[in-house]
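Take a look at the structure below.

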Amino acid sequence: MLLVSNALAEKLACDPRVGYLSFIGSGRVGWYLRSKLAPGTRCALEHGGVAPVIVDETVDLDAVVAPIVKGAFYHAGQVCVSAKRLYAPRSVAVELALKLAQAASTLKVGDPLDKSTDVGPLIRPDEVDRVDSWVQEAINAGAKIYCGGQKVGNTCYQPTVLLDPPPHVKVSCEETLPGALRL
């Protein structure tokens, strides 16, 4: 594994020979690096996302469940384009949540070296604690939990489906929630 210090990373990104910087990560670091670029260097900053999925009431729910589950829990939901939020009309939301929970509940969580594992670990153990605190906050504030909501050891979190978390809780208003899908 290659470890690069912050100072070295900054030096590489800000070298005047760099014509274009593409950065994916926190806003704080991205804007800092942008401020240090040599004159004329172009850049693109991707500061994560919430990757919403919109489900129409006319869609075949059975046809969209598998791709949504894959899009939500691939790499434990830690990809910047992982589905994090679903928007669906009330007329199909509960049925969709049930179908997503049923599919997500079958995913094997654990060692990514085991070929039968569907959902591996989060990047750091403290991310597991953060995800758990966000999920518990949403549940305590009235979100309905359809599956998951539990730590799996120190490094993994069960695939989680929440319905109707209030708008003020972190799963609704913060950028990222690996391992949980909000509907």
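## Buried or exposed

A residue is called buried when its relative accessible area is under 20%, exposed when that area is over 50%, and partly exposed in between. R17 has a relative accessibility of 75%, so R17 counts as exposed. R17 is found in the loop between α1 (6-13) and β1 (20-24). Its C-alpha atom is 51 Å from that of D62, and the two residues are 45 apart along the chain.

L37 gives the contrasting case. Its relative accessible area is 14%, so L37 is buried. L37 also sits in a loop, the one between α2 (27-36) and β2 (42-46). From L37 to G19 the C-alpha distance is 9.5 Å, and 18 residues separate them along the chain.

## The model as a whole

This is a predicted model. The protein has a mean pLDDT of 87, and 90% of its residues reach 70 or more. Where is confidence lowest, and where is it highest? The lowest mean, 58, belongs to strand β9 (residues 180-182). The highest, 97, belongs to strand β5 (residues 144-147). Where pLDDT is low, the predicted coordinates should not be read in detail.

The protein contains six helices and nine strands. Its C-alpha atoms fill a box of roughly 55 × 35 × 30 Å along the principal axes. Of the 183 residues in the protein, 37% are buried.

Helix α4 covers residues 90-105, which makes 16 residues. From its first C-alpha to its last, α4 reaches 23 Å. That is close to the 22 Å expected at 1.5 Å a residue. Which residues of α4 are buried? They are V92, A93, L96, A97, L100, A101 and A104.

Two of those names return in the largest nonpolar core, which has 31 residues. L96, L100 and V161 have the most contacts inside this core. Helices α3 (61-73), α4 and α5 (125-140), along with strand β8 (160-163), each supply at least two of its residues. The largest share is seven residues, and it comes from α3. There is also a second, separate core of six residues. Among its members are A13, C14, L33 and L37.

## Cysteines

How many disulfides does a search of the whole structure find? The count is zero. Take C14 as a case: the nearest cysteine sulfur belongs to C43 and is 10 Å away.

C14 and C173 fall into separate accessibility classes. C14 has 15% relative accessibility, so C14 counts as buried. C173 has 47%, so C173 counts as partly exposed.

## Rings and a charge

The number of aromatic pairs is zero.

Q136 is in helix α5. Its relative accessibility is 27%, so Q136 counts as partly exposed. Q136 and Q150 are 14 residues apart in sequence. In space, their C-alpha atoms are 9.3 Å apart. K151 lies in strand β6 (residues 151-152). At 41% relative accessibility, K151 is partly exposed too. From K151 to S133 the separation is 18 residues in sequence and 10 Å in space, C-alpha to C-alpha.

D164 lies in the loop between β8 and α6 (170-173). With 29% relative accessibility, D164 counts as partly exposed. Most residues other than glycine have a negative phi.

How values were computed: Residues numbered from 1 in each chain as written. Predicted model: local features only at pLDDT ≥ 70, side-chain atom pairs only at ≥ 80, totals over all residues. Heavy atoms only, no water. pLDDT = per-residue confidence, 0-100. Helix = DSSP H or I, 4+ residues; strand = E, 2+ residues; numbered from the N terminus. Expected span 1.5 Å × (residues − 1). Buried < 20%, exposed > 50% of the residue type's maximum accessible area, 1.4 Å probe, protein only. Disulfide = S-S within 2.5 Å. Core = buried A, V, L, I, M, F, W, Y, C linked by side-chain atoms within 4.5 Å. Phe/Tyr/Trp six-rings, centres within 6.5 Å; stacked < 30°, edge-to-face > 60°.
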